[in-house]
Amino acid sequence: MISNDNIQVEELFTTYHQQIYQFIYRYTQDEALSYDIVQDTFIKFQKYANDYDSTKSHIRTFLFRIAYQLTMTKLKRRNKFKKLLPFLYEQNQEEPVSLEEKITIRTTLQQLPPEQRAVIIFTYYHDLSQKEIAAILQIPIGTVKSRLHSSLKKLKDLLEVDDDE
Amino acid sequence: MNKHDIPEELKQKLDEFEVDVPDIPLKKSLSQRIANWLYAPAKNPVDLISTQWTPFRIAMFPIALLFLCSLPLLLL
């Protein structure tokens with residue numbers, strides 16, 4: 001028998017899994033990790049659904065927050081493994097990068113500090129408000145504003161875009 | 001500052017980063033969990049042999065091997 005909770009999770013998954021995948025992929029540029037985190041987000045949502053308060057935030061914000069926290073946890077765990085067993089991982093940084101590759105948006109986003117990268121992805125690709133981003137990243141709105149300003153400045157510099165604001 | 005304040009040229013560059021979303025099932029199978037846990041970009045074994053073996057790396061090798069072998073026990 002399928003419960004109402006399951007139906008609700010399936011509906012939420014259908015509505016939001018693509019947005020969550022796109023965010024994680026743009027942030028990590030790792031297909032397998034993104035795939036994994038999308039599923040884990042909804043597994044965790046089922047577990048903590050009672051903590052969600054619809055008067056405080058939108059369900060999308062709540063799901064993005066879970067996905068962001070899972071991403072951070074998995075990346076930290078991966079970095080620890082990389083430090084412990086470096087020979088198991090590809091040494092990507094040693095591969096030569098062409099000039100064309102250097103100025104693509106993918107490479108440029110990876111060059112941004114992680115906290116700035118998250119803010120620009122949420123702002124541009126997901127059209128989230130600064131209040132929503134602050135709730136997802138658990139930081140003050142002022143910090144979101146300054147990170148957005150810094151990330152845009154850095155992106156313009158790296159991509160050699162003229163400032164026509 | 002919001003999305004609309006981003007310069008047009010930068011928007012065009014940002015739009016170049018398109019993401020194709022694969023078919024993702026809601027439920028995770030056990031085999032898929034194991035496969036994802038084990039997943040890591042594999043390094044060419046020939047490259048591994050050709051890398052310089054410093055005394056530190058040689059000393060660390062049995063420790064790393066022991067750690068790898070004990071992983072299944074640690075995760076049980």
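A salt bridge here is a side-chain nitrogen of Lys or Arg within 4 Å of a carboxyl oxygen of Asp or Glu. The model is predicted: local features need pLDDT of at least 70, side-chain atom pairs count only at pLDDT 80 or more, and totals for chains, interfaces and linings use all residues. Residues are numbered from 1 along each chain as written, chains are lettered from A in the order written, and side-chain values use heavy atoms, without hydrogens and water.

Figure 1. Glu132(A) pairs with Arg60(A), with the closest N and O atoms 3.9 Å apart. Buried means under 20% relative accessible area, exposed over 50%, and partly exposed in between (1.4 Å probe, protein chains only).

**Figure 2. Arg78(A) and Asp30(A) in a salt bridge**. The N to O distance is 2.7 Å. Arg78(A) belongs to helix α3, while Asp30(A) lies in the loop between α1 (4–28) and α2 (31–48); the two are 48 residues apart. Arg78(A) is partly exposed at 22% relative accessibility. Asp30(A) is buried, at 13%.

**Figure 3. A salt-bridge network that includes Lys74(A)**. Lys74(A) meets Asp40(A) at 3.0 Å, N to O. Lys74(A) is in α3 and Asp40(A) in α2, 34 residues apart. Both Lys74(A) and Asp40(A) are buried. Asp36(A) is linked with these two residues in the network. Over all chains, the whole structure holds five salt bridges.

**Figure 4. Helix α3 of chain A, residues 59–84**. Helices (H or I, at least four residues) and strands (E, at least two) are DSSP runs, numbered from the N terminus. The expected span of a helix is 1.5 Å times one less than its number of residues. For the 26 residues of α3(A) this gives 38 Å, and the end C-alpha atoms are 38 Å apart, which agrees. Buried residues of α3(A) include Ile59(A), Phe62(A), Leu63(A), Phe64(A), Ile66(A) and Leu70(A). An α-helix has 3.6 residues a turn, so residues three or four places apart point the same way.

**Figure 5. The fold of chain A**. Chain A has eight helices and zero strands. Of its 165 residues, 42% count as buried. Among contacts (heavy atoms within 4.5 Å) between residues at least 6 apart in sequence, 65% join residues at least 24 apart.

**Figure 6. The contact between chain B and chain A**. Chain B gives 37 residues and chain A 45. The two chains bury about 4,000 Å² between them, 69% of it on carbon and sulfur atoms. Buried area is the accessible area (1.4 Å probe) that two parts lose on being put together, summed over both. In chain B, Met1(B), Phe17(B) and Leu26(B) lose the most area to chain A, together 20% of what that side buries. There are zero salt bridges between the chains. Five residue pairs are in polar contact, both at pLDDT 80 or more. A polar contact is a pair of N or O atoms within 3.5 Å; within protein, one must be able to donate a hydrogen and the other to accept it, and residues adjacent in sequence count only if both atoms are side-chain atoms.
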